[in-house]
Amino acid sequence: MDLWFSEYHTPDVRLSFRVDQQLCSLQSDFQRIDVFTSPELGRILALDGFVMLTEKDEFIYHEMLVHVPMAVHPNVRDVLVIGGGDGGILRELKAYPEIERVDLVEIDEEVIEVCKKHLPFTACGYDHPRLHVHAEDGLKFIRHCENAYDLIIVDSTDPFGPGEGLFTREFYGNCDRALRDDGIMVNQHESPFYKNDAIAMQRAHKRIVESFKISRVYQAHIPTYPSGHWLFGFASKKYHPITDLSAKDWKAREINTRYYNTNLHRGAFALPVYVQELLENVENVDETTDLNANRAPNTEA
Amino acid sequence: MMRLDHNRAPIAEALTDFSALRVVPFDVPGHKRGHGNRELTDFLGAKCMSLDVNSMKPLDNLCHPVSVIREAEELAADAFGASSAFFMVNGTTSAVQAMVISACQAGDQIILPRNVHRSTINALILSGAIPVYVNPGINQRLGIPLGMALEDVKDAILRYPNAKAILVNNPTYYGVCSNLKAIVELAHSHGMMVLADEAHGTHFGFSELLPLSAMQAGADMAAVSMHKSGGSLTQSSFLLCGPKVAGEHVRQIINLTQTTSGSYLLLSSLDLSRKNLALNGGTIFAKVSEMAQYARDEINSIGDYYAFSKECINGDTVFDFDTTKLSVNTMDIGLAGVEVYDILRDEYDIQIEFGDVGNILAYLSVGDRPRDIERLVSSLSEIRRRHKRSRAGMLNQEYIAPTVCHTPRDAFFSEKTSVPIDHSAGRVCAEFVMCYPPGIPILAPGEMVTREIIDYINYVKKKGSFLTGTEDPKVGSINVMK
C-alpha cells in the first residue's frame, strides 16, 4: 500500500513520509492530533498536520533542550516545562536526581493522553517521581509564578495556533519574573532557513533579548523539521552558556546520550554567518527596554 | 419576538444566484468582476471581486428598493424589533445624520449630552439644529463621562419645551447606559422624539443579559453600527425606526447624501450578519460577556488596575452597563490609558480600541479566543511590573463642560482665522478638536476655548493621543471665529 503523509514546509516545499498505519486521529479543543507509523522513522506525532516528533530523531531535540542548560546551571532544584506533552523532556530530566520538583504545563490534556497511549518512548518520562502535571495555558500558569524556578524549558509548538502566546514578550517577561536570580530559560526557537520560519525566529529572539540579560542561540540538526536546521534559545540572568559550562561535572554524571556531549555544547553556539545576521538585525534594543546593559551578542563566540 | 425566517439572506442569496448565471458585464464597475485588475484581484481575492457588482433588476437598488433589498430590510427590522430598517453604506455617521435631519430642521432645538461622537455634531452643522447640551454625569474615580441624569433631561425639557428631539448614547463608548426607557416616556409626553446613537450597542437586543436596546425602550430612531459588535464589514450600518416614524420619508433623507452605487459587499455583509445575530446572537453575546468577565477578574487580581463593570450602576447616570465592554482604569499604575495603549501595541503586539487619560478599552467580540485574552492579561501584568510609577501630575478627568457661544453650524460656516492653540483662550472655536478614537470632541464649533481646555489638549498630546479635527494636520493651530 502506498499511503503518504506530507507536511508543507513552505507553500512550495514539502516533506513526505510513507505511512504504514494511522494509529490515532482526533480533534481536541485546541488542535487536530494524529499519530502515524512510518517504516523509516517509526512513530510520528503530528499536531494540526505539523510533525512534532518522530521516533527516530526526537532524541536530538529533547537532549538539546535539557542537557545544555543542565550542564551550565550548577544547582537546579525546580524546573518548569511549558508544553512538552509528549514527555520527552521529562525523560531526559530523569537523569538528574537532584531535581526536587518538575511542573509540566501542557494546554492540551488530550495530547498527553494520546502520547501516553501511543508514544511510550517519550511518555516514559511521565513516571518522573517528582512530577506535577497541569493541564493549563502556559501563559496563564506562569503569570502567577514569582522567583520560583531555576530552569524553565519552553517546549512549544510553532508560533501560530495554540503555541502563539509562548512567543510573546509578555510570556518571556513572565518567565523572567518566575525564575530565580540565577535562572535559565531555554526554548524551541524555530528555524532560520525558510522565510516565514526565520521571521518567527527573529521575532522570538527580539522579545527574549528585551527580557533577559543574557540571550544566546544554539543549533542542532533535526532531519524531520523544516530545513533540518533548528535553533534553540538560551536566556539567562547570570550564567553564560559557554564560560559557565561545567564540562567535567557533567561528564562525571555519566549520562547516556546519543546526540549531546560537552564538545558539541560549545560548538552548538557557533552559528552560521547568515543566522548571526538575522539575530543581530533584531538585537538593537531601543530605549524603552531597561534590562540589557550586559547582554552578550551572538557573534561573540 | 422575531416573526420572520432569519435563515434567509435575500441579498446574499440573490448575489449567489446572479453569479451562477455568468452574465457578461457591459456595465460598471469597470474592473469587470476583477478581470481588469489582476493585482487588485490577487490582493482582495477573486470571490470578493466577483461580488462587487452594480445595482440591477435581479439585485435591486439601494436608493429605491423593491425586491431583495426591501426583503432584507424587513428581515433587519424584524431582527431588531423595529418598524423599518435601512441599510447604510456610509457608516453609522450617515445613520446619525439621517436621524437628526429627519427629526430637526434648521433652527429646531435638540437636547443631547455633550459626550456625543463627532458625527452627531456634524449632523447639527448639516441640519442647522440648535444643540441644548445636558452635561453627563461623571465618575470621579474613573474620570469618565457617564449617561444623562433623568432630572437633568427633565430640566432641559422644561427649559426648552419646543425642542424637537432628544438624542441619547445607548451606550457610551465605555458601555454606560442612561435610563432610556424613562427618557423615552418623558420625551413622548412632551411631544419630543427620541434618537439613539446605538453605535456601541448593536448587540443589546439579542441577549437578555444586556441593557435594553433603543427599540425595546421605545425610542423612535436608532443608528446601529453593525460593523462593530454585529460583525459586518467596516462602514456598514443600520438605521432603525419605530412605529411613529414615516419610514419612506426617512429614506428620502438618507438619499440626500447616500451613494447611488451602494456596495454589494457591504450590503451582503449586513444581510449575513443580521442572519447570524438573529439566529445565534444570544449564544454569541453570552460567551463574549463571559470572556469579558473572566478578563476583568484576572486583570483586577493583578493589582492597581481597575476593570470596571456593573458595580458602577447607580440607578441614574449609570442606569445599566454593557458587560461585553472591557474597560480598565490605569491611573494607579501611574500611566495614562493612552500610554498603556501605545505600550501594548509597540512592545506586546496587541492593538486595543483606545486609551484616553485614565482608561483603556479592549473591544471584545465573538472573534476573540481565550488564549488572546490570556495575552492581554499577561501583558497588562508585565506593564505594571516594568512601568509602574507615581501618579503625581496626572490629569484624571476627561470631560470639560463646554461654554456654547454659537450653534455649530453658524460657527463652522463663519469667517474664521487661524491662531496657535496656546494663544486661543477666549476665542470661539470654529472647528473640532478631539482625540480619535474615541472621537468625542474636546472642542466643537461654536464653543469657547479656555485655558483649561488648552492645558488638556497639551496634556493628551504629550501622552501620545492622536488628535484630529483641525485644518492644521499637526493640530498646532486652530480656526477661531473672527
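I began with a definition: the radius of gyration is taken over C-alpha atoms, and the globule rule is 2.2 Å times the number of residues to the power 0.38. I note at once that the model is predicted.

**Entry 1, chain B overall.** With that rule in hand I looked up chain B, where a compact globule of 482 residues would have a radius of gyration near 23 Å, and the chain has 23 Å, so the two agree. The C-alpha atoms fill a box of roughly 70 × 55 × 45 Å along the principal axes, and I recorded 14 helices and 20 strands for chain B. Buried residues make up 54% of the 482 residues, and of the contacts in chain B with a separation of 6 or more, 70% are between residues 24 or more positions apart.

I repeated the look-up for chain A, for which a compact globule of 301 residues would have a radius of gyration near 19 Å; the chain has 18 Å, which agrees. Its C-alpha trace spans about 60 × 45 × 35 Å along the principal axes, and its secondary structure comes to 10 helices and 13 strands. I noted that 48% of the 301 residues in chain A count as buried, and that 69% of its contacts between residues at least 6 apart in sequence join residues at least 24 apart.

I then followed helix H10 of chain B, residues 264–302, which spans only 46 Å between its end C-alpha atoms, whereas a straight helix of 39 residues would span 57 Å at 1.5 Å a residue. Looking along H10(B) for a bend, I found one of about 80° at B:Asn280. Just after H10(B) I came to B:Gly303, which takes a positive phi of about 105°.

Which residues touch the most other members of the largest nonpolar core? I found that B:Phe238 and B:Leu240 do so, in a core of 151 residues. H10(B), the bent helix of the previous entry, gives the most to this core, with 14 residues. I listed the contacts of B:Phe238, leaving aside its neighbours within four places in sequence, and they include B:Phe80, B:Phe86, B:Phe87, B:Met88, B:Val224, B:Met226 and B:Leu270. The last of these falls within the residue range of H10(B), 264–302. I also noted a second, separate core of 76 residues, and among its members are A:Leu65, A:Val81, A:Ile208 and A:Phe269.

I picked out A:Val133, which lies in strand E9 of chain A, residues 131–135.

Last, I looked up the contact between the chains, which takes 12 residues from chain B and 15 residues from chain A. On the side of chain B that touches chain A, the elements giving two or more residues are helix H11 (337–348) and helix H12 (370–387) of chain B, and H12(B) gives the most, with 9 residues.

Technical notes
Residues numbered from 1 in each chain as written. Chains lettered and ligands numbered in written order. Predicted model: local features only at pLDDT ≥ 70, side-chain atom pairs only at ≥ 80, totals over all residues. Contact = placed C-beta atoms within 7 Å. Helix = DSSP H or I, 4+ residues; strand = E, 2+ residues; numbered from the N terminus. Expected span 1.5 Å × (residues − 1). Bend = angle between axes of the 7 residues up to and from the residue. Core = buried A, V, L, I, M, F, W, Y, C linked by C-beta atoms within 7 Å. Buried ≥ 20, exposed ≤ 12 C-beta atoms within 10 Å, placed from the backbone.
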